[in-house]
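Have a go at each task before you read its solution.

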Amino acid sequence: MKSIVVIEDDPITRALLQQTLRRDGWRVLEAEDGEAGLSLVVENRPAAVLCDLHIPRRNGFQVCRMLRAQPELAGTKIIVTTGSRFGNDRLTALAAGADEYLVKPILPADLARVLPNVGADPVANGQVAVPAAPNEPCELKNVGLFKTAFPDDSDLRTTVRFWGVRGSLPTPGPTTVRTGGNTSCVEFRCGDQIIILDAGTGIRALGASLAQEFKGRDLHITILITHTHWDHIQGFPFFGPAYSPTNKLRILGYESAVGGLRTALFEQMETAYFPISLSQMAGRVVFEELEDMKFQIGPVAVQSVFSNHPGICLAYRLTTPGGVVVYMCDHEVYLRQERLTQERAGKPNAAALEFARREDEKLARFIGAADVLICDSQYDESEYPSRLGWGHTCMDDTVALALQAGAKRLCLFHHDPDHDDTKVDSMVERARLLVEESGKTLEVDAAREGQEIVLKAATAKK
Ligand SMILES: [Zn+2]
Ligand SMILES: [Zn+2]
């Protein structure tokens, strides 16, 4: 009998695929994450694997690579199934060893097209081991460097401060002074927990400020990385606290499409690019690659979700006793991307539009009634068409997403390098107009360097 392993974290998609495949005579084995999927493939040596790209515990790119590292599984056909229509993701998946790349929604005809010639499962020949992770393993996991609980929740002052709000490339100069020219970096504090969201160039000034504040005292910092595109990591080599031997830095994030988190940060400090290597930083820097979509940083509960951006990019939802902050820095709203793609191709596809709408709804549910939503708003309506598929959002859609979610406050973020202060002001004005027209309530402003938002003030100790 021919078997197929379906690795898919969305239960509805999984059920639909299973139904179609069973009808076509397949023995279907299912897994919700990469790790479980790899085990099923090794145990069963199926004729084919259907693998989503955005799955926890080893993303789909890694699953492809790990399976292709096993010569005994060479006969197994790997079909990537994904909501990503980014051309680069297709190339990366094929380079990782996928035989086919199907964009969701997957129709029975799509499966029939890519699975026609597969007969029975490959004959067992030699031992197959559980594939080892090709990247450096997460090192010093759960090192317990940081407090895990605070004795009194009522004293957890929660603040957000922007140190870098620009997307893509730093843009200093007289025309961006009010908004700021540094790339993504947001400081999040809850009690004495310091969490830094992304390490764009804004992290340099943040490092100097922390050194000033903590004169002589040890710093314990968590850096939470959304993805390893350069504008989100390029400031890290200039982060002063990493050079002090008494400071402890814990860097958290997910493996990228092509390699581990540590590898990306390590490589940008190789000799060709930087005079000091990461291993020469005197501070105790530890990396922890995240596997689950929910985790805890001290008193802060964090949830993550894959955003619609080339490669692997996550959005984070941080919940504290003081409120909820969602950081969705790089994201392209699905529906407009799908609609415009169809218009250009002259191929209307109602099922694909419906799929895109549902993906947007999922993200709106993830945001929920966040107190603060920091969200990609890189383009205006006139710019978006020429930047279709670049992984960023038209500001009108950001406002619509925030309204759909029921967020209370929206900070327009990841400003385009071409947008000077006047342009940013005009986008804020339009965003407020859109909110007014909706009849709903939403506070909107542009994220600006130096701006601080207090979610909850500290209460006096009893
Ligand atoms: Zn970015
Ligand atoms: Zn990016």
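**Exercise 1.** Work out how helix α10 and helix α11 pack.

Step 1. Helix α10 (residues 395-405) and helix α11 (residues 421-438) have axes 10 Å apart, at an angle of about 40°. Axes here are lines fitted to C-alpha atoms, for helices over the stretch in contact, and angles run from 0 to 180 degrees between N-to-C directions. Helices are DSSP runs (H or I, at least four residues) and strands are too (E, at least two), numbered from the N terminus.

Step 2. α10 and α11 are therefore oblique to each other (under 35 degrees is roughly parallel, over 145 roughly antiparallel, 65 to 115 roughly perpendicular, the rest oblique).

Step 3. From α10, Met 395, Asp 396, Val 399 and Leu 403 meet a set in α11 that includes Met 427, Arg 430 and Leu 434; contact means heavy atoms within 4.5 Å.

A word on the source: this is a predicted model, where local features need pLDDT of at least 70 and side-chain atom pairs count only at pLDDT 80 or more, while totals for chains, interfaces and linings use all residues. Residues are numbered from 1 along each chain as its sequence is written, chains are lettered from A and ligands numbered from 1 in the order in which they are written, and side-chain values use heavy atoms, with hydrogens and water left out.

**Exercise 2.** Which way do α8 and α9 run relative to each other?

Step 1. Helix α8 (residues 334-345) and helix α9 (residues 350-367) cross at roughly 165°, and their axes come within 8 Å.

Step 2. That makes α8 roughly antiparallel to α9.

Step 3. Residues at the contact include Leu 335 and Arg 339 of α8, plus Leu 353 and Asp 360 of α9.

**Exercise 3.** Find what holds the zinc ion (ligand 1) and the zinc ion (ligand 2).

Step 1. Asp 231 (OD), His 232 (NE2), Asp 330 (OD) and His 414 (NE2) coordinate the zinc ion (ligand 1) at 2.1 to 2.2 Å. Donors are N, O and S atoms within 2.8 Å of the metal (3.2 Å for Na, K and Ca); water is not among the atoms, so sites may look incomplete.

Step 2. Asp 330 coordinates both zinc ions, which sit 3.5 Å apart.
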